[in-house]
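Please examine the sequence and the model shown below.

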Amino acid sequence: MAFSSLRSTSSSVLNRLRLCQRSISAKASSSPKDKDRDRERLIFDSERETADLTSGISRPLSDILKELNKKVPDSLIKFRHEPNGFSIKYIPWHIVNRIMNLHAPEWSGEVRSITYSSDGKSVSVVYRVTIYGTDAEIYRESTGTASVDDPGYGDPEQKAEGMAFRRACARFGLGLHLYHEDMS
């Protein structure tokens with residue numbers, strides 16, 4: 001559900017909650033038992049609607065990891081040709097980001113360190129991805145290294161970060177099948 005529709009739905013729930021509260025307080029002539037029953041029904045209904053709005057946002061880690069371990073469709077996989085003649089399959093970082101948003105919407109990522117080699121010809125980035133489930137949270141870190149002299153698109157820090165991000169997500173199982181295809 002899109003954030004804007006979630007926000008509008010939750011505001012409509014709040015408006016209905018306010019109307020019901022006014023309705024309950026307007027029934028001043030009702031018995032105390034009726035007021036308590038109405039209040040309990042109102043609370044139950046609002047909790048049920050809130051649960052419907054948030055279902056699927058946060059799940060147990062086992063469910064999230066099960067989804068991340070599924071094979072990524074071939075249409076999302078790209079090829080990069082290395083100077084040594086090898087071809088490497090990979091999933092672009094923005095696709096990995098979307099998959100994480102879909103299957104683990106409560107995830108976070110951070111650059112832990114950026115280190116340049118002593119000769120200044122390469123940069124390495126350590127990236128941490130954390131997934132938050134209803135039962136626990138778990139993180140994985142990985143590194144990515146890029147040459148400063150690489151003529152490709154983007155600066156070396158971006159390339160190293162993207163590589164580290166993809167590798168950290170692979171430690172959760174996302175796209176891990178790409179690493180094992182050459183072994184069969």
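Is Thr130 buried or exposed? Thr130 has a relative accessible area of 7%, so it is buried (buried means under 20% relative accessible area, exposed over 50%, partly exposed in between, with a 1.4 Å probe and protein chains only). Thr130 lies in strand E4, residues 122-132 (strands are DSSP runs of at least two residues, helices, H or I, of at least four, numbered from the N terminus). Beyond neighbours within four places in sequence, Thr130 contacts Glu106, Trp107, Ser108, Glu137, Ile138 and Tyr139 (contact means heavy atoms within 4.5 Å).

The model is predicted: local features need pLDDT of at least 70, side-chain atom pairs count only at pLDDT 80 or more, and totals for chains, interfaces and linings use all residues. Residues are numbered from 1 along each chain as its sequence is written, and side-chain values use heavy atoms, with hydrogens and water left out.

The average pLDDT of the chain is 79, and 67% of the residues score at least 70 (pLDDT is the predictor's confidence in each residue, from 0 to 100). Residues 1-11 have pLDDT below 50, and this stretch has six contacts in the model beyond near neighbours in sequence. Where pLDDT is low, the predicted coordinates should not be read in detail.

Ser142 belongs to strand E5, residues 137-147. With 7% relative accessibility, Ser142 counts as buried. Its contacts, not counting residues up to four places away in sequence, include Val125, Tyr127, Ala164 and Arg171.

The largest nonpolar core has 22 residues, of which Met100, Val129 and Ile131 touch the most other members (a nonpolar core is a set of buried Ala, Val, Leu, Ile, Met, Phe, Trp, Tyr and Cys residues joined through side-chain atoms within 4.5 Å). At least two residues of this core come from each of helix H3 (61-68), helix H4 (93-103), E4 and helix H5 (156-170). Leaving aside neighbours within four places in sequence, the contacts of Ile131 include Leu61, Met100, Trp107 and Phe172.

Six salt bridges are present in the structure (a side-chain nitrogen of Lys or Arg within 4 Å of a carboxyl oxygen of Asp or Glu). Three of them are tabulated.

| Salt bridge | N to O distance |
|---|---|
| Lys70 and Glu67 | 3.2 Å |
| Lys71 and Asp74 | 3.5 Å |
| Arg112 and Glu110 | 3.6 Å |

Salt bridges with shared partners link Glu110, Arg112, Arg128 and Glu141 into one network. Lys71 is exposed at 53% relative accessibility, and Asp74 is exposed at 55%. Arg112, at 43%, is partly exposed.
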